[in-house]
Amino acid sequence: MTEQQTDRELADLVVNQGDEEAFRALYRRHTPAVYQFVLRLVGGNEQEAEDVLQETWMRAARGLAGFRWQSALRSWVTGIALNRVRELARKKKRSLVEVDGEFEFPSAAVDPGQTIDLDRALQLLPPGFRTVLVLHDVEGYTHQEIGSRLGITDGTSKSQLHGARKAMRRLLDMGLETA
């Protein structure tokens, strides 16, 4: 296995020959980015992120033969991961898309003067804000794509992105700097 092999070449080896080394190469290539995506959506819960990641790759392996290459493999795997996060949220009776009114930070959420990084700040956001912010600003999805994937309108996506950005600015206005 060489690093120069494309995702498609590796996937063909997996599908046509059951090549485990090729699958491991795809896994190693894409897992760090997919894991970060999932970790952000689940609010930094590492155990949940690892469980979602494992289920994502199991489903990707089963569906690889049907993948039509109309997008990048990472986009496809990320879509599977998003669906798994949504499934987890439903099981835990959480919402990835709802935000109740004006969001207020808990008074003990952060210590003024403490530095905070993007991932920690994302953990402080409610799931509806966090999900849309990650999908739009981090992953580059359009509001139409977000709406389609989450079952919300473009306007709801835009509204939640606005709220998420406003909340992130409030974190920074509280004297926090990104690390």
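**Exercise 1.** Is the crossing of helix 3 and helix 4 left-handed or right-handed? Work out how the pair is arranged, keeping in mind that this is a predicted model.

*Solution.*
- Start with what you need: two packed helices are described by the angle between their axes and the distance between the axes.
- Helix 3 covers residues 46-63 and helix 4 covers residues 73-91; they pack at about 130 degrees, and their axes lie 9 Å apart.
- Now classify that angle. Over 145 degrees would count as roughly antiparallel, and 65 to 115 as roughly perpendicular. Helix 3 and helix 4 are therefore oblique to each other.
- As for the handedness, helix 3 and helix 4 make a right-handed crossing.

**Exercise 2.** Which residues of helix 3 and helix 4 meet, and what classes do they fall into?

*Solution.*
- From helix 3, take Glu 48, Val 52, Glu 55, Thr 56, Trp 57, Arg 59, Ala 60 and Gly 63.
- Across from them, helix 4 brings Trp 76, Val 77, Ile 80, Ala 81, Arg 84, Val 85, Glu 87 and Leu 88.
- Sorted by class, this contact has 9 nonpolar, 2 polar and 5 charged residues.

**Exercise 3.** Where does Trp 69 lie, and what is its phi near?

*Solution.*
- Trp 69 sits in the loop between helix 3 and helix 4.
- Its phi is near 60 degrees, a positive value in a residue that isn't glycine.
- Buried means under 20% relative accessible area. Trp 69 has 22% relative accessibility, so it counts as partly exposed.

**Exercise 4.** Which residues of helix 6 are buried, and which residue with positive phi follows that helix?

*Solution.*
- Within helix 6 (residues 127-138), the buried residues are Gly 128, Phe 129, Arg 130, Thr 131, Val 132, Leu 133, Val 134 and Leu 135.
- After helix 6 comes Gly 140, with a positive phi near 85 degrees.

Methods
Residues are numbered from 1 along each chain as its sequence is written. This is a predicted model: local features need pLDDT of at least 70, side-chain atom pairs count only at pLDDT 80 or more; totals for chains, interfaces and linings use all residues. Side-chain values use heavy atoms; hydrogens and water are left out. Axes are lines fitted to C-alpha atoms, for helices over the stretch in contact, and angles run from 0 to 180 degrees between N-to-C directions. Helices (H or I, at least four residues) and strands (E, at least two) are DSSP runs, numbered from the N terminus. Angles under 35 degrees count as roughly parallel, over 145 as roughly antiparallel, 65 to 115 as roughly perpendicular and the rest as oblique. A crossing is left-handed if the near helix is turned anticlockwise from the far one by less than a right angle, and right-handed if clockwise. Contact means heavy atoms within 4.5 Å. Ala, Val, Leu, Ile, Met, Phe, Trp, Tyr, Cys and Pro count as nonpolar, Asp, Glu, Lys and Arg as charged, and the others, Gly among them, as polar. Buried means under 20% relative accessible area, exposed over 50%, partly exposed in between (1.4 Å probe, protein chains only).
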